Amino acid sequence: MVVDHERHRAIWAHDGYGRDVFGLFFQTLTPEQRASIRVVAGDGARWIDSCVHEWCPNAERAPDGFHIVSWTSGAPDNPRKQQKPLFCAIP
């Protein structure tokens, strides 16, 4: 799904996911429309970076708000989860 974050609306959707599906969206745009795109937000998938570079070389790539929150909301727990449990035997 492609969303216009300035207007708060979905502008394109297609079954599936990945570079090829995202490319279908860009194929619907004129070269001028692609050149006008300044920022593309999405999760951390590397295929998004390469697709944006191919179709919108002037655009910056940014993580989207949903994934920023989901990635950072668990951050305080990470050190705790990595600790080995401490067991004490009380005689």
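Mentor: The account below begins with the pocket and then turns to the elements around it.

This is a predicted model, in which local features need pLDDT of at least 70, side-chain atom pairs count only at pLDDT 80 or more, and totals for chains, interfaces and linings use all residues. Residues are numbered from 1 along each chain as its sequence is written, and side-chain values use heavy atoms, with hydrogens and water left out.

The largest pocket holds about 1000 Å³ of space. Of the 32 residues that line this pocket, Val 2, Val 3, Phe 22, Val 40 and Ala 41 are the closest to its centre. Strand 1, strand 2, helix 1, helix 2, strand 3 and helix 3 each give two or more residues to the lining. A pocket here is an open set of points on a 1 Å grid over the protein atoms alone, with protein on both sides within 12 Å along at least five of seven lines; lining residues have an atom within 4 Å of a point. The volume is the space filled by probe spheres set on the points, which are joined across faces, edges and corners; the probe is 1.4 Å. Helices (H or I, at least four residues) and strands (E, at least two) are DSSP runs, numbered from the N terminus.

By class, the lining comprises 17 nonpolar, eight polar and seven charged residues. Ala, Val, Leu, Ile, Met, Phe, Trp, Tyr, Cys and Pro count as nonpolar, Asp, Glu, Lys and Arg as charged, and the others, Gly among them, as polar.

Helix 1 spans residues 19-27, and its buried residues are Val 21, Phe 22, Gly 23, Phe 25 and Phe 26. Buried means under 20% relative accessible area (1.4 Å probe, protein chains only). The cover over these residues includes strand 1 (2-4), strand 2 (9-12), helix 2 (31-36), strand 3 (39-42) and helix 3 (46-55).

Strand 1 and strand 2 pair in the antiparallel sense over three bridges, where pairing requires that DSSP find at least two bridges. Val 3 has Ala 10 in strand 2 as its bridge partner. Four residues lie between the strands of this hairpin, in which His 8 takes a positive phi near 55 degrees.

Asp 4 belongs to strand 1 and counts as buried because its relative accessibility is 14%. The side chain of Asp 4 reaches the backbone nitrogen of Glu 6 at 2.9 Å. Asp 4 also touches Arg 9 and Ile 11, not counting residues up to four places away in sequence; contact means heavy atoms within 4.5 Å.

Note on methods:
Buried means under 20% relative accessible area, exposed over 50%, partly exposed in between (1.4 Å probe, protein chains only). A polar contact is a pair of N or O atoms within 3.5 Å; within protein, one must be able to donate a hydrogen and the other to accept it, and residues adjacent in sequence count only if both atoms are side-chain atoms.
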